[in-house]
Amino acid sequence: MTRIFTYDSTLRDGEQSEGIALSLEDKLRIVERLDAFGVDFIEGGYPASNPKDIAFFERVRAMPLKHASIAAFGSTCKKGVAPEDDQGLADLVGSGAPAVTIVGKTWDEQVTRALLTTLDENLRMIRESVAYLKAQGLRVVFDAEHFFDGYKANPDFALACVRAASEAGADSIDLCETNGGALPHEVEEIVRTVAEALPGQQLGIHCHDDSGCAVANTLAAVRAGATQVQGTVNGFGERVGNADLLTVIADLELKMGCTCVGAENLRQLTGVSQFVAATCNLSVPTHHPYTGASAFAHKGGLHASAIARFPEAYEHARPESVGNTQRMLVSELAGKASLVAKAASLGIDLAAHQDKTQAILDDIKAREAAGYSYEVADGSLALLLQRHLGAYRPHFTLESFRVIVDDHEDTGALAKDAMSEATIKIHVDDQRFVATGEGAGPVGALDNALRMAITAFYPAVNEMELVDFKVRILDENVGTDAITRVVITTRDSSASWGTVGVSENIIEASWNALVDSIEYGLMRAGA
Ligand SMILES: CC(=O)SCCNC(=O)CCNC(=O)[C@H](O)C(C)(C)COP(=O)(O)OP(=O)(O)OC[C@H]1O[C@@H](n2cnc3c(N)ncnc32)[C@H](O)[C@@H]1OP(=O)(O)O
Ligand SMILES: CC(=O)C(=O)O
């Protein structure tokens with residue numbers, strides 16, 4: 001098996017993503033997680049750039065890493081400056097990182113028009129910078145910026161740049177697809193040419209995703225001889241982002257016979273993706289390869305039917321191999337097989353009730369046509385199944401509710417003067433309760449009133465928290481008479497679940513979703 005070294009740039013190029021700003025503590029937590037995952041090199045930041053990155057290198061030195069080496073990032077010495085007098089290189093050495101990565105220009109026009117110097121001077125800057133850092137006992141990666149555009153414009157000069165780095169002792173020369181516009185066949189051909197020109201030199205690859213090919217380009221480079229892959233978790237990075245290192249690792253391990261983190265650690269893939277996204281205050285995109293919530297979710301009824309018999313039919317990899325899970329979605333596109341599999345995941349054995357399956361499916365499809373969406377409402381789906389199976393026992397029944405919204409003239413400030421009050425009359429067994437709750441909005445008021453009424457009977461309600469509330473108008477053409485769908489997410493200490501309510505009246509739709517959320521929570525708690 002070919003060993004491919006992984007080089008994570010989330011803390012440097014990932015932080016160049018618009019909207020991402022990591023604190024020092026965030027960066028250290030990400031290092032810990034990537035180290036446990038088995039990444040070989042973690043690029044920590046740019047010590048010449050800012051005090052946070054300087055502090056990062058101080059703090060990370062004290063961390064007991066199991067596997068990863070930390071790399072500090074910078075650039076070659078400045079034009080006209082000797083390496084020993086260059087502040088940027090001094091900062092790299094001073095960082096204490098065992099590895100350093102320096103970016104240097106390899107596109108002739110970048111040298112003459114951006115760096116404003118000569119091609120010869122650029123070659124000197126590369127050669128002397130690499131040699132200087134090597135003399136300090138460091139592992140040196142040379143990031144050949146704009147290598148592919150540079151090679152297309154002036155192959156001799158681009159090759160002269162990487163040869164200078166190689167002759168000066170660079171441990172790895174990582175060819176950068178800086179503008180992200182190249183295509184896989186171009187990358188493969190150019191990397192192969194470099195591998196032939198520099199036999200024995202380790203090559204790496206660093207791709208951006210501007211043409212949607214960053215992962216494909218990375219894999220193409222590996223086919224041509226690169227043995228170090230750079231990328232960022234979830235592809236976060238400058239402009240549209242970098243190659244997603246997680247997708248690259250999974251592809252290399254599962255499809256190209258390479259070893260990066262090993263099969264055991266690969267199971268952490270989804271967890272790492274979610275951890276880093278959450279630390280960046282983002283979500284993993286639902287449809288993200290391998291690690292997204294929909295990566296192994298099956299909606300089409302025919303897919304679910306085939307998958308139950310032959311998982312490979314609609315899954316390119318086993319979800320558990322990357323720490324993800326298969327999910328069956330039940331909707332108007334479902335068939336009996338999807339429903340049976342979904343019910344099983346909710347702990348309900350529908351296979352023992354084959355006579356009822358078609359009727360349940362028909363009911364679901366009729367309800368979806370009326371505006372329900374069970375795909376996002378496992379709680380409501382479980383209750384519906386239990387009703388069909390005759391196993392549903394309501395914990396309370398509603399006699400009536402009334403909601404009052406009390407608002408006053410807007411004072412112009414960030415007014416918080418609208419208040420809601422809800423009164424509900426409900427029955428628990430043979431007892432009748434009347435309770436009034438208040439809230440900033442009508443749903444909060446109803447929620448409070450319901451809890452006041454039933455908590456004494458069902459203390460498990462105290463564990464449940466309403467965490468999300470979504471409203472969707474389903475027929476935009478009929479104005480205020482439109483059908484409203486409300487989806488509520490509720491959680492307790494061990495799980496979260498969705499419930500759905502539909503009505504022409506937004507308050508009634510909310511109430512229905514709210515009742516399902518509490519009923520399902522109580523059912524889960526065994527109340
Ligand atoms: C492709 C990449 O993603 S590379 C990484 C890019 N990341 C970043 O830039 C984030 C961190 N950057 C920073 O904090 C700042 O830009 C710094 C501290 C590095 C430099 O700041 P400043 O000294 O103010 O320079 P500025 O940001 O304007 O950059 C331009 C200077 O860098 C020089 N430069 C650019 N690339 C290189 C290079 N590869 N080698 C040497 N010098 C370079 C330019 O010649 C220019 O120098 P000059 O002003 O003397 O002509
Ligand atoms: C070095 C780097 O980030 C690039 O060339 O894209």
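Modeller: Leucine 138, apart from its neighbours within four places in sequence, is in contact with Pro98, Ala99, Val100 and Leu133; two residues are in contact if their C-beta atoms, placed from the backbone, lie within 7 Å. This is a predicted model, in which local features need pLDDT of at least 70 and side-chain atom pairs count only at pLDDT 80 or more, while totals for chains, interfaces and linings use all residues. Residues are numbered from 1 along each chain as its sequence is written, and chains are lettered from A and ligands numbered from 1 in the order in which they are written.

Leucine 138 sits in the loop between helix H5 (119-135) and strand E6. Helices (H or I, at least four residues) and strands (E, at least two) are DSSP runs, numbered from the N terminus. Leucine 138 counts as buried because it has 20 C-beta neighbours inside 10 Å. The term buried requires 20 or more other C-beta atoms within 10 Å of a residue's own; with 12 or fewer the residue is exposed, and in between it is partly exposed, the C-beta atoms being placed from the backbone. Alanine 97 is 41 residues away from leucine 138 in sequence, yet their C-alpha atoms are 8.2 Å apart.

Val100, one of the contacts of leucine 138, is also among the residues with the most contacts inside the largest nonpolar core, together with Ala71, Phe142, Leu175 and Val191. That core has 90 residues; a nonpolar core is a set of buried Ala, Val, Leu, Ile, Met, Phe, Trp, Tyr and Cys residues joined through C-beta atoms within 7 Å. Its largest share, 7 residues, comes from helix H9 (residues 214-223). A second, separate core of 50 residues includes Tyr374, Ala382, Ile454 and Val502.

Phenylalanine 142, setting aside neighbours within four places in sequence, is in contact with Ile102, Gly104, Ile126, Val130, Ala165, Ala170, Ile173 and Asp174. Valine 103 belongs to strand E5 (residues 99-105), and touches Ser75, Asp143 and Glu145 when residues up to four places away are not counted. The C-alpha atoms of valine 103 and valine 141 are separated by 8.5 Å, although the two residues are 38 apart along the chain. Valine 103 is buried, with 20 other C-beta atoms within 10 Å.

Histidine 146 has a positive phi of about 55 degrees although it is not a glycine. Most residues other than glycine have a negative phi. Histidine 146 is buried, since 24 C-beta neighbours lie inside 10 Å. Tyrosine 290 likewise is not a glycine and has a positive phi, of about 65 degrees; it is placed in the loop between helix H12 (269-279) and strand E11 (297-298).

The UniProt record, an unreviewed entry, places the feature "domain: Pyruvate carboxyltransferase" at residues 4-267; UniProt positions are given in the numbering used here, feature names are shortened, and annotations may be inferred rather than shown by experiment. This span is 44% helix and 18% strand, and its end C-alpha atoms lie 18 Å apart.

Elsewhere in the chain, helix H16 (residues 378-388) and helix H18 (residues 506-524) have axes that come within 9 Å and cross at roughly 70 degrees. Axes are lines fitted to C-alpha atoms, for helices over the stretch in contact, and angles run from 0 to 180 degrees between N-to-C directions. H16 is therefore roughly perpendicular to H18, a term for angles of 65 to 115 degrees, whereas those under 35 count as roughly parallel, those over 145 as roughly antiparallel and the rest as oblique. Gly379, Ser380, Ala382 and Leu383 of H16 meet Asp516, Ser517, Glu519 and Tyr520 of H18. This contact has 3 nonpolar, 3 polar and 2 charged residues; Ala, Val, Leu, Ile, Met, Phe, Trp, Tyr, Cys and Pro count as nonpolar, Asp, Glu, Lys and Arg as charged, and the others, Gly among them, as polar.

As for the whole, the chain contains 18 helices and 18 strands, and 45% of its 527 residues count as buried. Its C-alpha trace spans about 90 × 60 × 50 Å along the principal axes. Of the contacts with a separation of 6 or more, 68% are between residues 24 or more positions apart.
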